[in-house]
There are 4 protein chains.
Amino acid sequence: MPIPAPVLYPPFNITRVSHAAHTVRDLERTREFYCEVFGLVVSHQDMDMLYLRGVDEVCHHSLVFRRSDEPPRCERVGLRVLSEAELDKAYEYFAGIGLAPAWAEVPYQGRSLRVTDPMGIPLEFCARMQRMERIYDRPDLQRGSSALRLDHVQLHVTDVQAALDFYFRLGFRCGDYMTAGEHDETIFCAFTYRKDNPADLVFMSGQGPRFHHCGYITPSFQDLFRACDIAGVRGLGNQIERGPGRHSVAHAHYVYMRDPDGHRVELLLDVWHQMLDLEIEPVRWRLFGQHTAGVWGLPAQAAWFYQATEFAGVTPQPVRHSHQMHTLEKYLAARHAENR
Amino acid sequence: MPIPAPVLYPPFNITRVSHAAHTVRDLERTREFYCEVFGLVVSHQDMDMLYLRGVDEVCHHSLVFRRSDEPPRCERVGLRVLSEAELDKAYEYFAGIGLAPAWAEVPYQGRSLRVTDPMGIPLEFCARMQRMERIYDRPDLQRGSSALRLDHVQLHVTDVQAALDFYFRLGFRCGDYMTAGEHDETIFCAFTYRKDNPADLVFMSGQGPRFHHCGYITPSFQDLFRACDIAGVRGLGNQIERGPGRHSVAHAHYVYMRDPDGHRVELLLDVWHQMLDLEIEPVRWRLFGQHTAGVWGLPAQAAWFYQATEFAGVTPQPVRHSHQMHTLEKYLAARHAENR
Amino acid sequence: MPIPAPVLYPPFNITRVSHAAHTVRDLERTREFYCEVFGLVVSHQDMDMLYLRGVDEVCHHSLVFRRSDEPPRCERVGLRVLSEAELDKAYEYFAGIGLAPAWAEVPYQGRSLRVTDPMGIPLEFCARMQRMERIYDRPDLQRGSSALRLDHVQLHVTDVQAALDFYFRLGFRCGDYMTAGEHDETIFCAFTYRKDNPADLVFMSGQGPRFHHCGYITPSFQDLFRACDIAGVRGLGNQIERGPGRHSVAHAHYVYMRDPDGHRVELLLDVWHQMLDLEIEPVRWRLFGQHTAGVWGLPAQAAWFYQATEFAGVTPQPVRHSHQMHTLEKYLAARHAENR
Amino acid sequence: MPIPAPVLYPPFNITRVSHAAHTVRDLERTREFYCEVFGLVVSHQDMDMLYLRGVDEVCHHSLVFRRSDEPPRCERVGLRVLSEAELDKAYEYFAGIGLAPAWAEVPYQGRSLRVTDPMGIPLEFCARMQRMERIYDRPDLQRGSSALRLDHVQLHVTDVQAALDFYFRLGFRCGDYMTAGEHDETIFCAFTYRKDNPADLVFMSGQGPRFHHCGYITPSFQDLFRACDIAGVRGLGNQIERGPGRHSVAHAHYVYMRDPDGHRVELLLDVWHQMLDLEIEPVRWRLFGQHTAGVWGLPAQAAWFYQATEFAGVTPQPVRHSHQMHTLEKYLAARHAENR
């Protein structure tokens with residue numbers, strides 16, 4: 001089986017995905033999209049920077065935007081460790097395997113550790129952020145879909161197996177994964193997690209590394225549609241790229257939008273599986289071939305599979321198992337033929 | 001303005017759309033689809049006939065299916081009048097305008113009056129049905145999306161203006177209508193109603209007459225998705241044709257499915273406008289050209305606009321204002337180009 | 001049977017309950033309560049008057065408040081007729097039965113007809129109001145529980161049978177009614193309607209006439225709780241008098257609040273029965289004795305049964321069937337003994 | 001401050017509350033209540049035993065019932081540790097502090113470790129259970145409120161501070177706690193957790209040790225009311241003891257019921273705070289004195305505060321800080337005086 005065994009005592013304690021940082025051309029337009037439609041809250045905004053959090057988040061930011069006239073990029077993906085002591089262990093671990101970690105001063109965060117993972121993804125670890133007010137209990141202050149918190153980040157990588165091997169050594173586990181076809185043992189995508197729901201980091205085959213999307217939890221179906229309705233009212237209806245619908249893999253009900261700079265973001269419901277117990281074994285799905293139970297909904301646009309945000313200064317490379325992309329192409333052609 | 005003035009004292013009192021009757025090839029497959037996914041309730045089933053109602057319906061049936069090995073057809077559209085006396089007035093009215101009404105014995109219905117309207121649609125009027133138990137208050141007996149009741153029937157007609165003129169004389173009013181383009185005064189579709197929400201009969205330009213779909217009310221977003229999820233679990237996920245989404249015209253949140261014989265059926269939420277007051281004037285929308293506020297969602301498949309159920313023994317005719325179909329074609333091409 | 005037969009051709013066409021007018025001591029406090037918690041919209045506010053409507057209401061007002069330093073009172077209950085011509089018929093009818101109708105100029109309404117019904121309730125009929133924007137499609141503008149529209153008004157009367165007899169002659173019908181005990185044929189309360197759901201006017205035995213409450217429709221359970229949560233956040237949590245819960249009679253899920261001047265107002269969900277068809281016969285319920293199916297929830301406070309708003313200048317009289325009040329007392333004592 | 005500092009490296013790794021075991025007189029009646037109303041699923045039933053799990057639970061049981069003609073009792077509270085190795089560490093830890101742990105063979109569980117905590121609560125630790133099918137993705141198989149999983153267990157203890165001190169040493173943290181009065185530093189109740197939401201074990205002052213209730217997560221408001229409606233339909237409406245409502249402390253929307261043997265059980269919504277980050281500090285609330293923001297809803301019945309299930313063979317002792325119970329009495333009298 002291609003999924004590694006869980007590592008129960010990893011070298012340091014990552015608790016969850018923490019944040020993502022993007023560049024955009026117009027912070028005000030970005031603020032409107034995320035605050036009015038998704039319901040994120042501004043923690044800080046100035047001429048050059050915009051820091052946002054969900055209504056349940058006590059930490060300063062889960063999305064950071066820097067104004068730039070360059071093409072929109074993702075600058076890094078943030079992960080949390082439990083404590084400052086764990087951060088020191090992280091430094092030692094990464095140094096030990098030759099990854100050249102470096103300390104960074106990052107506003108509103110405690111000590112921050114930067115390192116590029118073997119897939120080329122720029123990571124940032126921290127154990128503390130400035131504490132903010134939760135407005136989860138203040139419906140009078142909430143807007144849009146009242147997005148609660150960052151749930152996961154999905155990444156295009158050229159080799160999902162390599163990503164799995166690396167992150168399993170850090171204590172990540174996997175609940176669902178997918179091969180492209182029935183008789184294909186190479187992994188097309190995999191959901192990995194540290195906190196006790198199915199995803200912190202999701203890896204999908206594609207030109208990589210690239211940032212595919214981040215997902216925020218919304219409390220209900222009604223709030224999911226409220227985001228869409230408000231997007232429509234504000235002339236942002238075309239930002240909706242896929243859904244509303246339901247994933248067969250990973251089970252969540254979702255809608256995907258593109259923000260005004262094209263960064264993809266998902267809104268999803270919170271009734272995912274609890275993933276604490278070791279009894280829970282990885283479930284294999286197939287993109288194509290054997291039909292999965294529970295599939296419904298219109299096929300995703302090709303754009304959803306192929307378009308993603310490049311990381312600043314990182315040139316994406318082609319997929320290692322290039323036959324996966326041929327299977328994907330056939331899958332999309334077949335699904336779209338069914339649904340004209 | 002192309003919308004006629006309301007007729008406040010029509011020749012007889014139609015209260016609402018009542019039922020539709022289709023032929024299908026396999027009653028058991030039909031029953032599974034409507035009962036397990038939509039949550040309709042069987043009022044009667046035998047070798048040849050299946051009568052269904054919603055969980056809030058006290059009348060015997062709102063959908064009737066007859067087993068037939070012929071290609072699936074719609075046999076008639078039913079309308080309710082308030083009382084037996086109103087039914088006699090209906091007879092006189094239709095006879096007076098030369099439409100050749102005829103009395104029919106129909107199981108589980110009181111006296112029934114059949115007539116073909118000027119668009120070629122076979123209608124059936126009645127004032128009474130056998131009384132059945134409402135299971136609205138019995139969540140323990142409900143299934144699927146707990147569909148409450150038949151809300152409306154949508155029909156393809158070759159000339160929407162002619163349909164409007166005929167039905168306005170029967171007391172129907174119109175809340176929303178659509179022209180194909182900005183500078184096009186011919187009506188592409190119109191929502192007409194007798195009960196106090198926006199639709200009993202909806203008319204859309206198309207080869208006609210044909211039965212486009214009937215719509216059932218479901219209590220909540222959660223129930224709407226429940227229908228989809230159960231369709232998926234039962235291997236009926238491909239029956240979902242369009243949505244879930246929101247109509248810009250007529251406002252409702254919806255999902256469209258095709259039943260196993262291809263008859264289209266909609267599930268929609270119940271928070272439509274109340275339409276009782278004469279202050280409410282028809283609102284004009286455009287299929288194409290000027291963007292309507294509140295638009296979001298993926299474009300409908302071409303099939304949704306072009307495919308429909310023929311009426312038994314009635315050969316569909318081409319659309320009168322054929323330029324509307326060219327505008328539709330351009331609209332679909334443009335919308336699908338945006339969303340690949 | 002104590003419920004009269006439906007009158008299908010009443011002397012004039014009432015379409016629905018329309019509005020209620022109260023006095024309050026502080027318009028700003030009133031505005032906060034109804035707009036922030038219930039989500040009503042201000043149509044007009046000045047030093048002395050406040051006019052509110054629901055987010056789906058196209059007519060100018062469904063609740064009117066006049067500033068007054070006197071004890072809070074209800075000034076009148078409004079009903080709509082279909083057209084100006086029906087208003088003239090109403091005048092003639094009331095004059096013919098000796099009720100002394102009088103025309104009144106009322107701001108934002110068309111010609112208005114005032115009359116006191118035989119129970120002593122001050123009524124106001126109109127056929128037109130100033131037209132306002134519906135913000136049903138504007139979730140970005142909605143607040144609180146997004147209350148859609150006025151649904152019904154409940155009134156204390158000394159003799160429910162007399163009220164039924166009067167309003168049935170005006171075309172009202174009855175779906176649910178209640179006797180106080182198993183062997184008691186006198187009616188304790190009755191739900192009567194003109195529009196096609198179960199209630200426009202509800203009559204309950206009590207010192208009368210008094211205004212018991214008016215009910216607004218909210219779209220979902222989530223919105224119902226949102227009203228409560230926002231009431232709590234604004235320090236108005238004690239305004240919640242009863243619920244959230246479910247009525248056994250009339251089926252609706254509800255919460256009752258008292259506004260800052262003590263006027264009672266209900267928020268309820270919209271999935272009531274459709275009541276158009278004559279097949280639907282009145283259902284008898286019992287306050288006490290035989291247990292009704294579907295009962296759950298904590299007993300109402302005694303205040304809910306006994307406290308109500310007096311009509312301006314009208315002294316309430318005792319209940320005609322005084323034994324009903326003894327049964328009520330026993331019922332409350334028994335229910336509260338079960339739930340300590 | 002009376003809340004201890006978090007212990008980040010506890011002696012062994014408890015992951016979550018796992019299960020509770022009760023005695024009841026009639027297993028069939030118990031099964032009906034939990035399966036039809038709450039929507040739990042039977043993992044095993046025989047003449048003497050009934051094992052239930054939530055629709056998202058992959059482990060064999062979260063509630064266990066043993067048939068007994070004795071008065072209903074709680075037999076033990078179960079906790080999960082991450083792995084078999086952690087279970088051995090648990091044994092050593094408890095032995096080391098003199099608590100006399102003992103291994104037990106328990107059906108459908110891996111090796112199980114029993115120990116009585118210093119409060120007198122019989123605990124059972126395990127690392128494995130028999131794996132069962134999750135029916136989270138099978139709405140067609142779900143019933144009642146589709147309860148997802150056991151969330152927390154609330155316990156009456158005579159000294160909440162002592163419980164906190166003990167469980168903090170095991171790695172539990174505290175998000176919310178309550179003192180009885182404004183100037184009272186003794187803790188009346190405290191929410192402690194290991195998994196990343198606000199509660200695994202809740203401790204409340206009362207004759208102790210006793211089992212107060214266990215709480216299951218339900219996906220939505222609609223499902224919460226569905227449980228109540230089905231309870232009503234099945235003649236179990238009187239089992240509802242408190243709510244539906246919202247907690248000010250701990251934020252969740254809830255309803256409490258008593259099962260047919262009087263064991264209390266809660267249904268609650270899942271949008272609780274995520275509690276992973278160390279930035280999250282304990283919040284102090286007051287039962288009485290200073291009003292907490294966001295309070296609404298009717299006061300709890302006295303029974304909710306005073307009645308609970310005894311542990312088998314354990315005689316409850318009086319509360320250590322007896323003045324807390326006087327404050328509680330005054331609080332209840334005041335709240336009930338407000339709400340008659």
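Guide: Contact means heavy atoms within 4.5 Å. The model before us is predicted, and by that cut-off 39 residues of chain A are in contact with 39 residues of chain D.

Visitor: What area is buried between chain A and chain D?

Guide: The size of an interface is often given as the accessible area lost when the parts come together. For chain A and chain D the buried area is about 3,700 Å², with 47% given by carbon and sulfur atoms. On the side of chain A, the residues that lose the most area to chain D are Tyr136(A), Val271(A) and Glu279(A), together 18% of what that side buries.

Visitor: How do you know through which surface the copies meet?

Guide: Of the interface residues of chain A, 100% are also interface residues in chain D, so the copies meet through the same surface.

Visitor: What makes β2 and β6 of chain A stand at the edges of the sheet?

Guide: The open sheet has eight strands with mixed pairing, in the order β2-β3-β4-β1-β5-β8-β7-β6 (chain A). Both β2 (41-45) and β6 (102-104) of chain A have a single partner strand, so one side of each lacks a neighbour in the sheet. From one strand to the next, the twist averages 25°.

Visitor: How do you know that β6(A) and β7(A) pair?

Guide: Two strands pair if at least two bridges are found between them. β6(A) and β7 (residues 112-116) of chain A have three bridges, in the antiparallel sense. In one of them, Ala104(A) has Ser112(A) in β7(A) as its bridge partner. Helix α2 (residues 84-96) of chain A lies across β5, β6, β7 and β8 of chain A, at about 25° to β7(A).

Visitor: Why is helix α4 of chain C called largely enclosed?

Guide: A residue is buried when its relative accessible area is under 20%. In α4(C), 11 of the 13 residues are buried, so the rest of the structure largely encloses this helix. Among the buried residues are Phe221(C), Leu224(C), Phe225(C) and Ile230(C).

Conventions:
Residues numbered from 1 in each chain as written. Chains lettered and ligands numbered in written order. Predicted model: local features only at pLDDT ≥ 70, side-chain atom pairs only at ≥ 80, totals over all residues. Heavy atoms only, no water. Helix = DSSP H or I, 4+ residues; strand = E, 2+ residues; numbered from the N terminus. Axes fitted to C-alpha atoms, helices over the stretch in contact; angles between N-to-C directions. Buried < 20%, exposed > 50% of the residue type's maximum accessible area, 1.4 Å probe, protein only. Buried area = accessible area lost by both parts, 1.4 Å probe.
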